[in-house]
Amino acid sequence: MTERREERREMGGDGTTQAEQRSERSGRREQNKAENRTALLKAARAVFAEMGYGAASVRDIVRRTDLASGTFYNYFKDKDEIFEAVVGELTGILLQRHRDGRGRAKSTEEFVRLHYAAYFNFLAEDPELLALGRSSFTAVRTLLDKPDVRALAKALNDDIRSAISEGILPNVDVSYLSASMAGIAFEISMVMVARDPVDPDTAAEFATRLMLGGLDKLPRR
């Protein structure tokens, strides 16, 4: 009898145990936290795209959501931190595109072209991302040494080493080649997004020809 009374006390009105109820409440809290963070990131991306990093404020971001103003600080310290998170989220998508693209290359030209095409098309195909690039490139430049963005450089280094080992790329200095490819991509993209219309194909062709024209003249190791 005692065991039955204890069991009834531990059961809720819907037949669930207290442990199950606690687990359900915890699950809902985690889901709400994830949804709130997603809402803030989505709002921040839109605000940065429309206003630019410099003009945007935390208040502008929160106003685009249904959240209370103080909720922002449960997830991000300030505008800098949420901007870094927005760029980091985009970097993750771009990283996967680079891997899918460069991994298909069967020649030097394909490797280089797929690298630039992935980057320029990624910027050009999404109007909001394009606006973000136009309004906040200077702010993005300050994040180049952040871990999320550095992951792009590491992936490029790894892909270059693999391509060299497979005979797709010549055996040149990996770090110099990676820095050159990344630098050309970033600087040309700044010019590309400022043009109207934006032409990622022409940008990729120019960058590819520039890289290939010089690549044949690099010293072999």
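I began at Gly-167, which takes a positive phi of about 80° just after helix 7. Helices here are DSSP runs of H or I, at least four residues, numbered from the N terminus. This is a predicted model, where local features need pLDDT of at least 70, side-chain atom pairs count only at pLDDT 80 or more, and totals for chains, interfaces and linings use all residues. Residues are numbered from 1 along each chain as its sequence is written, and side-chain values use heavy atoms, without hydrogens and water.

**Helix 7**

I listed its buried residues (under 20% relative accessible area, 1.4 Å probe, protein chains only). Among them are Val-149, Leu-152, Leu-156, Asp-159 and Ile-160. The buried residues pack against helix 4 (79–102), helix 5 (108–124) and helix 8 (174–194); contact means heavy atoms within 4.5 Å.

**Largest pocket**

I then checked the largest pocket, which holds about 620 Å³ of space. Of its 29 lining residues, Tyr-119, Leu-144, Val-149, Leu-152 and Phe-186 are the closest to the centre. A pocket is an open set of points on a 1 Å grid where a 1.4 Å probe fits, with protein on both sides within 12 Å along at least five of seven lines; lining residues have an atom within 4 Å of a point. Helix 8 gives the most to the lining, with seven residues.

**Whole chain**

I counted nine helices and zero strands. Of the 221 residues, 41% are buried.

Terms used:
Buried means under 20% relative accessible area, exposed over 50%, partly exposed in between (1.4 Å probe, protein chains only). Helices (H or I, at least four residues) and strands (E, at least two) are DSSP runs, numbered from the N terminus. Grid points are joined across faces, edges and corners, and a volume is the space filled by probe spheres set on the points.
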